[in-house]
Amino acid sequence: MYLTIAALSALIAAVKAQQVCTNTAETHPKLTWSKCTTSGCTSVSGSVVVDANWRWTHLTTSTTNCYTGNEWDESICTSNEVCATKCCLDGADYSGTYGVTTSGNQLNLKFVTVGPYSTNIGSRLYLLEDDNTYEMFTLLGNEFTFDVDVSDISCGLNGALYFVSMDEDGGKAKYTGNKAGAKYGTGYCDSQCPRDVKFINGVANVEGWVPSEDDINAGIGGLGTCCPEMDIWEANDISTAYTPHPCDGLTQVSCNGDECGGTYSADRYAGTCDPDGCDFNPYRQGDKTFYGPGSGFDVDTTQKVTVVTQFIKGTDGKLSDIKRFYVQGGEVIANSASTISGISGNSVTADYCADQKQVFGDEGSFEDHGGFSGMGDALAAPMVLVMSLWHDHYSHMLWLDSTYPVGSSALGAARGSCATTSGVPSDLEKNVPNASVSFSNIKFGPIGTTFNSDGSTDPTDPEDPEEDPVAHYGQCGGLTWTGSTTCVSPYTCTKLNDYYYQCL
């Protein structure tokens, strides 16, 4: 009896799974990146895959669409399970359909691409270890560095690089019989518990699907998909923010309807994740000349910039700090310090988050879903790297680069210099279709291994490191440190944890 039930269960799971078709060959664009140690950095041959949501979805038996525009064909997709049985995800023409190109260690994402069969808006890509597995990054105790060029994206656009707690195979093993998996970009989740994802946990998101009134490609279904999210970089040439978003759990889970919370639900705070996060946006924290286009800003967004994010462990082994540096023109630029009374510091810490929520009067969902400690637990587990270019049908990206809520004069409402009338998706698609963002020179390794305090991003061991004092913010000690332990005046070598001392 047990064997019969087990076999039946496996059959049902296989029938429910999302299918794969090969009318278009799936060839992942190559993208190299670097893995660093105290001995230096080595090149890794990787590739990228476009998210399943962007893919052609059609009958397994023909080229008849299961999904067209922003609607499912209800004559085919009579239920979530039936739709997953009958319909498949197909391969991608990365440059011709999605405007995605790579060259060496650089990924370029174009905003609007007019292809032979459709007009594509934006994209979302994942870094792969191999054709069937996402590259996984354990961020706690390490640093992540990349170059970015946002000079061609402005108000209303967001060139984002972030990490989410997706399954490394896109859910293929967890949901038995799923034939798509990471190779076809499945398994997405984030802290908004998005309900616009077409396939979740091996079934289609057909039941309860409502097409968007102003997005010709999207809608909202009855299912959502949730997991912790670490936004390393959300930015255009006007504003930038980095933001941790904890959840009650550490792995991907599905949710139902408005219980999902987040952007897509009637009650934003009803779900198991923190949709707001604890953000560090220099403009929002009072420094209006730190980041922007031109030489009048500390970080000039008309030029490529290197972004360094460090996930510092405390002496207890837990997350103690999320630090940010920039490197541009051969100079290391410390993150802007908050000038808002009652909120101090230039990095994201537990105290910073608590103070920010209190001073700005923000909702307490960050702490409700685990807070800084919970985010540390997520960062101690493997996460998937996401790179995307998108616009915002819900709030026109005003939360990033303008005043939001519109009309508010409260502390924290000013987030950037863009007009509150900016960011309208139809205007962006019409006026700046050729906008693009590039990410390049990705490096990952222990703290202090991906960039040098002298402003270079190709760390090598100096001939006599002990003879040269370390620059401000450079590493100056730790259990495995072999370099100089003295700092340039007037800075002091300060212990952050047993493995990392820094000139502060």
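Trainee: How many cavities of 30 Å³ or more does a search of the whole structure find?

Mentor: Keep in mind that this is a predicted model. The search runs over the whole structure, and the cut-off is 30 Å³ or more. With that cut-off, the number of cavities found is three.

Trainee: What volume does the largest cavity have, and which residues are closest to its centre?

Mentor: The volume of the largest cavity comes to about 110 Å³. Its lining has 16 residues. Closest to the centre are Gly 170, Gly 187, Phe 199, Ile 200 and Asn 201.

Trainee: How do the residues of that lining divide into nonpolar, polar and charged?

Mentor: We're still on the largest cavity here, and Gly counts as polar in this sorting. The lining divides into five nonpolar, 10 polar and one charged.

Trainee: And how many charged residues are in the lining of the second largest cavity?

Mentor: That cavity holds about 70 Å³ of space. Its lining includes Asp 51 and Lys 198, along with Gln 18 and Leu 89. Five lining residues are nonpolar and five are polar, and the charged ones number two.

Trainee: Let's move to Cys 21. Is Cys 21 buried or exposed?

Mentor: Cys 21 sits in the loop between strand E1 (19-20) and strand E2 (30-37). Buried means under 20% relative accessible area. Cys 21 has 8% relative accessibility, so it counts as buried.

Trainee: Which Tyr is Cys 21 in contact with, leaving aside neighbours within four places in sequence?

Mentor: Cys 21 has several such contacts, among them His 58, Cys 88 and Asp 90.

Trainee: What separates the C-alpha atoms of Cys 21 and Ala 180?

Mentor: Along the chain, these two are 159 residues apart.

Methods. Residues are numbered from 1 along each chain as its sequence is written. This is a predicted model: local features need pLDDT of at least 70, side-chain atom pairs count only at pLDDT 80 or more; totals for chains, interfaces and linings use all residues. Side-chain values use heavy atoms; hydrogens and water are left out. Helices (H or I, at least four residues) and strands (E, at least two) are DSSP runs, numbered from the N terminus. Buried means under 20% relative accessible area, exposed over 50%, partly exposed in between (1.4 Å probe, protein chains only). Contact means heavy atoms within 4.5 Å. On a 1 Å grid over the protein atoms alone, a cavity is a set of points where a 1.4 Å probe fits but cannot get out, and a pocket is an open set with protein on both sides within 12 Å along at least five of seven lines; lining residues have an atom within 4 Å of a point. Grid points are joined across faces, edges and corners, and a volume is the space filled by probe spheres set on the points.
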